[in-house]
Amino acid sequence: MKERVQKFGRFLSGMVMPNIGAFIAWGLIAALFIPDGWLGKWGPAGTINNMVGPMLSYLLPILIGYTGGRAVGGQKGAVTGALATLGAIASTESTMFIGAMICGPLGGWCIKKFDQSMEGHIPAGFEMVVNNFSVGIIGGILAVLSIFVIGPACVVVTDILGSGVGFLVEHSLLPLTAVLVEPAKVLFLNNAINHGVFTPIGTAEALEAGKSILFMIESNPGPGLGLLLAYCVAGKKETRSSAGAAAFIQFVGGIHEIYFPYVLMNPIVILGPMIGNIAGIFTLSMLGGGLVAAASPGSIIAEMLMTPKGGYIANIAGIAVAAVVSFLISAFLLKFFGKDASLEEAQAQVAANKAASKGQAIPAASTGASVDARDVRKIVFACDAGMGSSAMGATMVRNKLKDAGITGIEVIHHPVSEIPGDCQIVVTHHELSGRAAQRAPQARIIPIKNFMGAPEYDVLVKELLDARKDVPAPAPAAMETPEAEESPAAVTLLERKNIVLGCAPVTPEEAIQACGRRMVDSGYVDEAYIQGMLDREASFSVAIGSHVAIPHGTNDVKPLIKRTGVVVMTYPDGIDWNGDKVKLVVGIAAKGDEHLEILGRIVGIASTDEDTDALVASADTETLFKKLNGLA
C-alpha cells in the first residue's frame, strides 16, 4: 500500500512540480496587480491583471496536461495530452487542474498504444504523416470526450473536494490535517495530498479570495524549525551540534527533509511538529492567513513572497506559533523520552525513504542486500536499452579491473529490464536505479550520473582490490567476459560515409535526428527508430560524459533495427547538451553485440574531456575509420 501511495504521489508531483515556476509567476502577478494587490492602483496594473485569469484557467492546466502526457507518451503524448486538457477546460468555468491530471496521462497513453499497434506497419516515407495525423485525430477525439465526460466529472470531484475542505474550515477541523501531513512528510508520502488536493483547491480558492490557507498546511517551516531548535537545547551527542545549522537550512532554505533524520532517531518527537502544525493552522484560520500561490520551497522567504498585502501578521503568527509549540513539545519529549541514537543511521533511513518515494535505488545497507566485496563475481551495467552507455561503462570498469590486476569478475551489460538474477552489483543511471533494485533485489545498486569516467568506478575498483588482497585469485577458467566471444571481424560497422566531421553546433534533438537520418539512409533502421532515439533522450540523457554522446533507441524500438551500424559526427565547437558539453556524437543501432568493439575503442581514445577534445580537433575520416574499425 505504501509503495502505491508513493507511486501515485510521484506521478502527481511529476506533473505539477516541473511547472511550479509558472504557479509562482501567477501568484506574484496576482499579488502585485489585482485590484487589491500591492500595485493595484498603478496605471498599467489593470492591463497586467488581465493575465491572471487566463494563466489560471488555461496556461497552468495545459502545462500540467502537457507534462503528464510527455511523461507517458513522449513528445507526441505531450501534445495529445494538452489537446485533451483543452477540452476539459472548455467544458466549464471551473479551474481544471484535476482534469489536466487525468487528460494529460490519458493522451500520452492513447498515443503510446497507437504507436505500438502501428509498429512495423507504416510504409516507408509515411512516418511523419502518420505521426502528425495520429496526434491530431486522437487529440481531437479526446478533446471532445473531455468536454462531455472528463470535464463534467472533474467538476463533480472538485466540488466534492471543495465541499470537504469547506466542511473542515467551517467546523474548525482543518488543523487536524496536520495529523496526516507531518508523518507523511517524513515518509515522503505527502505529494499525493499536497499536489493532488491542496494545490488545485488552494489555487481555485486564491482566485476567488486572493489567498488560501491550504498552501501553508504542508509548506509551513515553523514545525520543523521548532523540532530542530529543541534538539539544540535537549539533544544529545552530535545531534545538538548539528541541529543549529540544520535549523537555518530548513527555515531559510526551505529544505524540510533535513529534519526528517531527527524524527527517525526518536520517532516519538513527531508529536512536536504534528501538534505545532495543528496550532499553526488554527492560528492562521483565526487570523485569516494564507498565501496567494504555492510556496516552493517551503522557506520563510518563499512564504513571505507569496503573502498577500495585509496578510503578514497572520502568516508570521501562524509560522511562529507552529515553531514555538513544536519546540516546547519536542524539547519535553527529548528530555524525558529521548534516547541516544545514530544520526548517520537515521540519515541513511531518510535516504532510503526518499529513494523509495522516487522509485530509485535504496542503499544496500538499508535494504539488507549487503554484498561482501570478496564474493563479487558478476557486475552488471544496466541502461534502458543495454546497447550504448551501459556497454561503454562496462568496458571502462573491465579495463580498470584488468589494470588493477583483479580477475575472476565478469563485467557485462544488459537492459535494466533484463538484469540477470545472479549478479552481485548493478551499476546504472541514478534515474533507473529504482527499476534496477526491483529487478535485482539481491544486488547492491550503484547509481551514477554518467557512464564515462564516473568517480564511482575508481571507488568500486579500490573496494574490490582491498577486499582481495588476502584472497587467492580464482582459476582463469572462472573468468568469463564478453571479450571471449568471437566478433565478426569481416563486418565493417562504421562506414566512411557515416563519419561526418566539423559539424556546426545544433540542439541535442537536431544532432540525434541527424544521426538517425543517416542510419535510415544506410539501411540500418526503419524511420520510426528515430523517434525511439528522441524518446531515449527525453527519458535519460545520452550524454555520457567526457564530451561524448551516444544516441540510440529505447528497448521498445529494437525490433526496428535491420542491421547493426554506427554513425560518428564531430562538433568541434561543442553542443550544449542539457548542461553537458558534447563534441563527439556516436549514433548506435545494434541488433547484437557486434558494436561493442567500436565502443571499447571509443573508451580507449575518448575516456576524458581532454582526450575527446584532442581527438575531435585532429580527426580525419580515414583515421577515425581505421581506429574505430580496428584497422589501425
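Reader: Is Glu-537 buried or exposed?

Author: Glu-537 is buried, because its relative accessible area is 7% and the cut-off for buried is under 20%. Keep in mind that this is a predicted model.

Reader: Where is Glu-537 placed?

Author: Glu-537 sits in helix H22, residues 529-539.

Reader: What is Glu-537 in contact with, leaving aside neighbours within four places in sequence?

Author: Glu-537 is in contact with Ile-512, Val-542, Trp-577 and Asn-578.

Reader: New topic. In what order do the five strands of the open sheet come?

Author: The order is S5-S8-S9-S7-S6. The pairing in this open sheet is mixed.

Reader: Which are the edge strands?

Author: Strand S5 (494-500) and strand S6 (543-545). Each of them pairs on one side only.

Reader: How many bridges join S7 to S9?

Author: Two bridges. Strand S7 covers residues 548-549, strand S9 covers residues 580-589, and they run parallel.

Reader: What is the bridge partner of Val-548 in S9?

Author: Leu-584 is the partner of Val-548 there.

Reader: Which strands does helix H21 touch on the sheet?

Author: Helix H21 (residues 508-521) packs on the sheet and touches S5, strand S8 (565-577) and S9. The direction of H21 makes about 160° with that of S8.

Reader: And which strands does helix H24 touch?

Author: Helix H24, residues 609-618, touches S7, S8 and S9 as it packs on the sheet. Its direction makes about 75° with that of S9.

Reader: Now strand S3. How many of its residues are buried?

Author: Five of its five residues are buried, so strand S3 (residues 425-429) is mostly covered.

Reader: How many bridges join S1 to S3?

Author: Four bridges join strand S1 (residues 378-383) to S3, and the two run parallel. Within that pairing, Ile-379 has Ile-425 of S3 as its bridge partner.

Reader: In what sense do S3 and S4 pair?

Author: In the parallel sense, over five bridges. Val-427 has Ile-446 as its bridge partner in S4.

Reader: On to salt bridges. How many are there?

Author: The count comes to ten salt bridges.

Reader: Start with Lys-400. Which residue does Lys-400 form a salt bridge with?

Author: Lys-400 pairs with Asp-458, and the closest N and O atoms are 3.0 Å apart.

Reader: Where in the chain are Lys-400 and Asp-458?

Author: Lys-400 is in helix H18 (residues 389-403) and Asp-458 is in helix H20 (residues 455-467). They are 58 residues apart, so the pair links distant parts of the chain.

Reader: Why does Lys-400 count as partly exposed?

Author: Because its relative accessibility is 24%. Asp-458 also counts as partly exposed, at 46%.

Reader: What do the side chains of Glu-463 and Arg-444 meet in?

Author: They meet in a salt bridge, at 2.8 Å from N to O. Glu-463 lies in helix H20 and Arg-444 in strand S4 (residues 444-448), so this pair ties together parts 19 residues apart in sequence. Glu-463 is partly exposed at 27% relative accessibility, and Arg-444 is partly exposed at 22%.

Reader: Which residue does Arg-563 form a salt bridge with?

Author: Glu-495. The closest N and O atoms of Arg-563 and Glu-495 are 3.9 Å apart. Arg-563 is in the loop between S7 and S8, while Glu-495 is in strand S5, 68 residues apart. Arg-563 is partly exposed with a relative accessible area of 39%, and Glu-495 is partly exposed with 23%.

Reader: Which residues are linked in a network of salt bridges?

Author: Arg-517, Asp-521 and Glu-527 are linked that way.

Reader: Last topic, helices H10 and H15. At what angle do their axes cross?

Author: At roughly 35°. The axes of H10 (residues 222-234) and H15 (residues 312-337) come within 7 Å. The crossing of H10 and H15 is right-handed.

Reader: Which residues make the contact?

Author: On H10, they include Leu-225, Leu-229 and Val-233. On H15, they include Ile-319, Phe-327 and Leu-334.

Reader: How many residues of each class are in the contact of H10 with H15?

Author: The contact has 14 nonpolar, four polar and one charged residues.

Terms used:
Residues are numbered from 1 along each chain as its sequence is written. This is a predicted model: local features need pLDDT of at least 70, side-chain atom pairs count only at pLDDT 80 or more; totals for chains, interfaces and linings use all residues. Side-chain values use heavy atoms; hydrogens and water are left out. Two strands pair if DSSP finds at least two bridges between them. Contact means heavy atoms within 4.5 Å. Axes are lines fitted to C-alpha atoms, for helices over the stretch in contact, and angles run from 0 to 180 degrees between N-to-C directions. A crossing is left-handed if the near helix is turned anticlockwise from the far one by less than a right angle, and right-handed if clockwise. Ala, Val, Leu, Ile, Met, Phe, Trp, Tyr, Cys and Pro count as nonpolar, Asp, Glu, Lys and Arg as charged, and the others, Gly among them, as polar. A salt bridge is a side-chain nitrogen of Lys or Arg within 4 Å of a carboxyl oxygen of Asp or Glu. Buried means under 20% relative accessible area, exposed over 50%, partly exposed in between (1.4 Å probe, protein chains only).
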